[in-house]
Amino acid sequence: YPNPSNDIIQLETAGIPFKQIQLFNIQGRMIRELKFQKQVNISELENGLYFIKLVSEEQVVELKFMKQ
């Protein structure tokens, strides 16, 4: 949250120990991969729809967000 956003998105994990974040553009191309953090700076991304994968040892959670 917030969604849509223009600079920082906050990730809530419900206690899941995520290790990695992967960002994908609307075409499905990975544009960024980083160590998990609860805040992600998206200010340099172009406006549009993006997908984010949160990766842990046990699972992968896929979300989408809009950059304005």
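Modeller: Let us begin with Tyr50, which in this predicted model is buried, with a relative accessible area of 8%.

Biologist: Why is Tyr50 called buried?

Modeller: The word applies under 20% relative accessible area, and Tyr50 has 8%, so Tyr50 counts as buried. Phe65, with a relative accessible area of 4%, is buried by that rule as well.

Biologist: What makes the pair of Tyr50 and Phe65 stacked?

Modeller: A pair of aromatic rings is described by the distance of the centres and the angle of the planes. The ring centres of Tyr50 and Phe65 are 5.6 Å apart, which is within the 6.5 Å required, and their planes stand at 20°, which is under 30 degrees, so the pair is stacked. Because Tyr50 lies in strand S5 and Phe65 in strand S6, the pair ties together parts that are 15 residues apart in sequence.

Biologist: How many aromatic pairs does a search of the whole structure find?

Modeller: The search finds 2 aromatic pairs, and one of them is formed by Phe18 and Phe36, with 5.8 Å from centre to centre and 40° between the planes.

Biologist: Why is the pair of Phe18 and Phe36 called tilted?

Modeller: Stacked needs planes under 30 degrees apart and edge-to-face needs over 60, so an angle of 40° leaves the pair as tilted. Phe18 sits in the loop between strands S1 and S2, and Phe36 in the loop between strands S3 and S4.

Biologist: How do you know whether Phe36 is buried or exposed?

Modeller: Its relative accessible area is 19%, which is under 20%, so Phe36 is buried.

Definitions and conventions: Residues numbered from 1 in each chain as written. Predicted model: local features only at pLDDT ≥ 70, side-chain atom pairs only at ≥ 80, totals over all residues. Heavy atoms only, no water. Phe/Tyr/Trp six-rings, centres within 6.5 Å; stacked < 30°, edge-to-face > 60°. Helix = DSSP H or I, 4+ residues; strand = E, 2+ residues; numbered from the N terminus. Buried < 20%, exposed > 50% of the residue type's maximum accessible area, 1.4 Å probe, protein only.
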